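Me: I have a new structure open and would like to learn how to read it. Could you take me through it one feature at a time?

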Amino acid sequence: MTETIDRDKLRDIYTRTMRVARADEKFRSLLMTGKLAVIYYTVRGQELVSAAAMAALEQDDYLVTTYRGQHDQIAKGVPLNPLFAEIAGKVGGTCRGKGGSMHITHPDSGVMVTTGVVGSGLPIANGLALASQNRGDGKVTIVCFGDGATNIGAFHEAMNMAQLWKLPVIFLCQNNRYGEHTAFADHTKVDSIVTRAKAYGMEGVKVDGNDAILMYNTTKAAVDRARAGEGPTLIEAMCYRMMGHFFGADFSYMPKEHLAEMAAEDPLPRLRQLMLDHQFSEAELDAIVADLDVQMDAAAEFAANSPLPGPEEIRKDVFEEEIAA
Amino acid sequence: MSAQITVTQAINRAIDEAMAEDEGVILLGEDVAAKQGGGVFKISAGLTEKYGENRVRATPISEQAIVGACVGAALAGFRPIAEIMLMNFVTVAMDQIVNHAAKLRFMSGGQTHVPLVLRTTTGVGVGFGGQHSDMLEAWFAHVPGLKVVTPSNAADAQGLMRAAIACNDPVIFIENILCYGLKSDDPGPGHIVPLGKAAVTREGSDCSIITYGRTVLDALEIAERLAGEGISVEVIDLRTIAPYDEATVTASVEKTGRALVLHEAVKQYGTGAEIASRLNEKLFGKLKAPVTRIGGAFSAVPMANALEQAWIPNKDAIADAVRTAMNWKG
């Protein structure tokens, strides 16, 4: 299959991918140098899958994602300064430091929920999509989750309800081959998540999530279907989690030959080669990354300089009205 | 005699009024639409005909998906009402209620909020047995971010439901099956009872009974019985269990010097423990007797009527508890 793509869109995908990649690199460097001490779920290896998917959406479309969702959030457009500050637990963060990396919310970018409870975002995505359907506002909701999430009951309840009501929602399973420490074959008996779409009468597509053009076009087709009122799509995007469950965790349970296979499939060099094949110059690509690195440094500095939230924050946002001390 | 309204009619009217005023008010639940009969307890009867199946959606038996969809719709600016047919089934949806509905305002630093009402019903005394009868209000009252409401009469049911739908925080709204047929004077359209305000249902000077839901009826009956013995009982109907009207409760007990907290849920770790403890903190030294609690037996709710009646807080025991407080010698 010959896939084509607009040149500006390809540049857009590259920029989104590298923004994710450079941010992830920056976080890992801050952690390793002791400048940051937080639990961090690296997205190394999954940068492209969400960059290409989010490039097919509008800013005001809704996103629901999980604790390992930084690539989704950045690709969707969450600004770097408050994102860095939130992960550092600072008051300048998206959520005033009350959410952290596992609970990023940023409605201006359409990021409505980031949940630390695996699989629980799918029913919520249905509700966002239901609101769009009733309003007729044309918005699409995308919900991202890993292969591990497809074995919780909420996945199945949500798939059935979404198809029943033809909701404008896209279920984007980023199959990174591990649910925490458990390999895909050890937690799921079917060969592929996408076969489960059939069980609910739903459109399902399995793609190489590291193929930028295919990933973009597949998502775009699902977005078009949803906007046209034709209902939900399950996309199973194959990708790799190249490190452990959280940054710094032991991942000796991942077989060495599998890791070598992962390295060979690394989406970053592959995307760069794709760009060169499309006549982008080395200089142009380097300039994009250099500009991003300036933004990363600025975001890290913003986070470092942002104050810690005061104890009075505990009484705020429990209810609409502040609670008594 | 003025017009009367039942609890069922009152809740239906409140939802109807809210749906007429705001297109964002939608109703999701098992069997709630006209095609399925307008709900097992007919709370949503007639609403599909007025507002259509997009706004009154009968769902699959999928409690996580029902509450989750309501959370999502609420995040998008809607005011959804989730019907969880029986309170025991909230167990299936706890993640959506406790981890999401309750916490998203806080975890987002106030950027989003979840104005949903979770309606549910329960009650001991209809022979539904262990998995259809539990009063689980204490579970939700224990969760920061949730408001918990239960009416004891039709006028309050209407007014509290309007306030719950208007509330910008998630509200757990508990209806007692045995109360559905109770009649009150019709409060008329537009009636609102603010959340967090208790009612002094009967004034008295010797002992306060603090209660809510169906057991308000028991408390009133006991108050009447004890009046014949010269004991003056004040009955407080909390209406909102969390956050509860501490000012009204404290003022009442300060006046009477004696308090009994009564509820249908089991006594252990229940709402009564919280209220008794707070009264102790506020009024230690002023109390004429220890604050006591009466709740359901510490077992699953039995089916057999004889056992079920033994499970429910016993009216004679309530009266005895008040007499004991009156005769307390320290």
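**Reading the model, feature by feature**

Reply: Let's start with one side chain: R28(A) counts as buried, because its relative accessibility is 9%. Buried means under 20% relative accessible area, exposed means over 50%, and partly exposed lies in between (1.4 Å probe, protein chains only). Before we go on, this is a predicted model, in which local features need pLDDT of at least 70 and side-chain atom pairs count only at pLDDT 80 or more, while totals for chains, interfaces and linings use all residues. Residues are numbered from 1 along each chain as its sequence is written, chains are lettered from A and ligands numbered from 1 in the order in which they are written, and side-chain values use heavy atoms, with hydrogens and water left out.

Me: Where does R28(A) lie, and which residues is R28(A) in contact with, leaving aside neighbours within four places in sequence?

Reply: Helices (H or I, at least four residues) and strands (E, at least two) are DSSP runs, numbered from the N terminus. R28(A) is part of helix α1 of chain A, residues 7–32. Contact means heavy atoms within 4.5 Å. Leaving aside neighbours within four places in sequence, R28(A) is in contact with Y40(A), T42(A), R44(A), M243(A) and F247(A).

Me: Which residue forms a salt bridge with R28(A)?

Reply: The rule asks for a side-chain nitrogen of Lys or Arg within 4 Å of a carboxyl oxygen of Asp or Glu. R28(A) meets that rule with E25(A), the closest N and O atoms being 3.5 Å apart. Both residues lie in helix α1 of chain A, three residues apart, or about one turn of the helix. E25(A) is partly exposed, with a relative accessible area of 36%. Over all chains, the rule gives 42 salt bridges.

Me: What parts does the salt bridge between D61(A) and R227(A) tie together?

Reply: Look at the atoms to begin with: the closest N and O atoms of D61(A) and R227(A) are 2.7 Å apart. D61(A) sits in the loop between α2 (47–54) and β1 of chain A and R227(A) in helix α9 (residues 212–227) of chain A, so the pair ties together parts that are 166 residues apart in sequence. D61(A) is buried, with a relative accessible area of 1%, whereas R227(A) counts as partly exposed at 35%.

Me: That loop also holds Q59(A). What does the side chain of Q59(A) reach?

Reply: Its side chain reaches the backbone oxygen of D108(A) at 3.2 Å. Not counting residues up to four places away in sequence, Q59(A) touches K76(A), D108(A), S109(A) and G110(A). At 46% relative accessibility, Q59(A) counts as partly exposed.

Me: How many residues of strand β1 of chain A are buried?

Reply: Five of the five residues in β1(A), residues 62–66, are buried, so this strand is largely enclosed by the rest of the structure. Y62(A), V64(A) and T66(A) point one way, and L63(A) and T65(A) the other. For its partners, recall that two strands pair if DSSP finds at least two bridges between them. β1(A) runs parallel to β3(A) (residues 141–146), with three bridges, and L63(A) has I142(A) as its bridge partner there. β1(A) is also parallel to β2(A) (residues 111–115), with four bridges, and V64(A) stands opposite V113(A).

Me: How many residues does the contact take from chain B and chain A?

Reply: It takes 42 from chain B and 41 from chain A. Buried area is the accessible area (1.4 Å probe) that two parts lose on being put together, summed over both. Here that comes to about 3300 Å², 63% of it on carbon and sulfur atoms. R57(B), F106(B) and M107(B) supply 19% of the area that chain B buries against chain A, more than any other three residues.

Me: How many salt bridges are there between chain B and chain A?

Reply: The count is one, and the side chains that meet in it are E321(A) and K147(B), at 2.7 Å from N to O. K147(B) also forms a salt bridge with D169(B), at 3.6 Å. K147(B) lies in strand β6 (residues 147–149) of chain B and D169(B) in the loop between α7 (154–166) and β7 (171–176), 22 residues apart. K147(B) and D169(B) are both buried.

Technical notes. A polar contact is a pair of N or O atoms within 3.5 Å; within protein, one must be able to donate a hydrogen and the other to accept it, and residues adjacent in sequence count only if both atoms are side-chain atoms.
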